Amino acid sequence: MIVDQAELRQTPAVPSLVRWGLSADADLVYRTLLTFGPQEVRAVARSLGVPARRAGAAVDELAAVRAAVPDSTDGGRVPREPVWRASPVDDVRAEMRRRKPRAVDVAQFARRHRAILDSIALPGQDYPSGLRANLLVDRATTRQRISELFAVGRRELLAMHPEPQFAPDIAGAALPMDRQAIVRGVRIRTCGVGPATTSDACTDAQELATLGVEYCELDEVPLKLKVFDRRVALLAVDPLNLDAGTLEIDHPVVLDALVTFFDQLWSTGNSRQSVSPIVLTSRERVIAGLLAKGHTDASAAAHLGFSRRTIAYTLRALMDRVGVENRFQLGMALGSAGVVRPPR
Amino acid sequence: MIALTPREKAIVDLLTEGHTDSSVAQHLGISERTITYTLRALMDRVGVENRFQLGVVLSTKNSAPAATVTPHEPNLLDQF
């Protein structure tokens, strides 16, 4: 690696990230970003002499613990790939300390969950107030119902996950549904324990960064809960055994209470990694801006002095990143994320 | 709020799910040209020039385009 002295930055002593459970690659990439400043994955790979895929995996690892963040202040450059910036050493150290695996008392959260459950509903039982709960008998029925509710959900999904770690198959099943819902303009808020990226299925940092799920990290979450459009709530019968089934509750009073409870927890969250940053490169921003004003590919190309192919290629790459298939969806995704404004 | 005709809504719903014109055509049993015309008419009505803009406008003016035309809100609870 050729080192330009002027490029070297004054850096404080960097703790070994390996000691905190990250890979040696991640440690090396972090040091590189810290020393040489924000770079694209490809540039990091080149300067370290490792395959881009390996550098990409290392950056994902860093992004998952917020040791590397996409750098939006890239001035006049127009990179296709995001430029990654190392977070300050002190922040990283604090974050790693915070993330040290905590002993979680699962039995305790299960007890609390059941206590709350007992206080609001019993399956198949009618209450004087008309409270009724429908029991979805097992995990398969619950999943089926969740996908139905996702399909008709229109405004908002609230979720609480008390597990310290999401099972990869659960997160894997949820990801495409989340994405579709967000593209339709549904706001998704999730409370959980630990970082947002604990599961293997979610390690792709870009996917999460662009998805737009708002996430609130709490020390503990007392309920396993999903609330759809403030009209239907799903509560696991036994948070430790999802095969025991799920209660579906539609009583407005209970829904109100659950939503209020959720909002309270949400407001106490100690770190909120949120709000949909679909981060656009400057080129993407300019092109999306022109399309939003009504330009065609050809007129946008002429306007910017690019070829039509460059326009199409840039938008294709953006669509892949956002996880959408057509221009209409892209417009919806950028519009609902507030990245692009409608005309007039 | 932008009101959609049933055909517009069907097409917009499928586009929202990521379908291409040809797969929308297949799904609905209409020609691709019909899709182009229908969307052209909708875009003219809304006052936009391309599909990207249509997406932006619907995402901001109709928080959920999929549900705008149904005369009354579909009741989730009817399903059980």
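Author: What follows covers a salt bridge, a sheet and an interface in a predicted model.

Reader: Why is the pair Asp25(A) and Arg54(A) called a salt bridge?

Author: The closest N and O atoms of the pair are 2.8 Å apart. The cut-off is 4 Å between a side-chain nitrogen of Lys or Arg and a carboxyl oxygen of Asp or Glu, so the pair qualifies. By this rule there are 16 salt bridges over all chains.

Reader: What makes Asp25(A) and Arg54(A) a link between distant parts of the chain?

Author: They are 29 residues apart. Asp25(A) sits in helix 1 of chain A, and Arg54(A) in helix 3 (residues 52–64) of chain A.

Reader: How do you know that strand 1 and strand 3 of chain A pair?

Author: Pairing needs at least two bridges. Strand 1 of chain A and strand 3 (residues 83–86) of chain A have two, in the antiparallel sense, so they count as paired. Gln39(A) stands opposite Trp84(A) in strand 3 of chain A.

Reader: What is the strand order in the sheet of chain A, and which are the edge strands?

Author: Three strands form an open sheet in the order 1-3-2, with antiparallel pairing. Strand 1 (39–40) and strand 2 (68–70) of chain A are the edges, as each pairs on one side only.

Reader: What packs on that sheet?

Author: Helix 1 (residues 24–36) of chain A does, touching strand 1, strand 2 and strand 3 of chain A. Its direction makes about 90 degrees with that of strand 3.

Reader: How many residues make the contact between chain B and chain A, and what area is buried?

Author: Chain B gives 32 residues and chain A gives 38 residues. About 2,900 Å² is buried, 64% of it from carbon and sulfur atoms.

Reader: How many salt bridges and polar contacts lie between chain B and chain A?

Author: The salt bridge count is zero. Six residue pairs are in polar contact, both at pLDDT 80 or more.

Reader: Which helix of chain B gives the most to the side touching chain A?

Author: Helix 4 of chain B, with 10 residues.

Methods:
Residues numbered from 1 in each chain as written. Chains lettered and ligands numbered in written order. Predicted model: local features only at pLDDT ≥ 70, side-chain atom pairs only at ≥ 80, totals over all residues. Heavy atoms only, no water. Contact = heavy atoms within 4.5 Å. Buried area = accessible area lost by both parts, 1.4 Å probe. Polar contact = N/O pair within 3.5 Å; in protein donor to acceptor, adjacent residues only side chain to side chain. Helix = DSSP H or I, 4+ residues; strand = E, 2+ residues; numbered from the N terminus. Axes fitted to C-alpha atoms, helices over the stretch in contact; angles between N-to-C directions.
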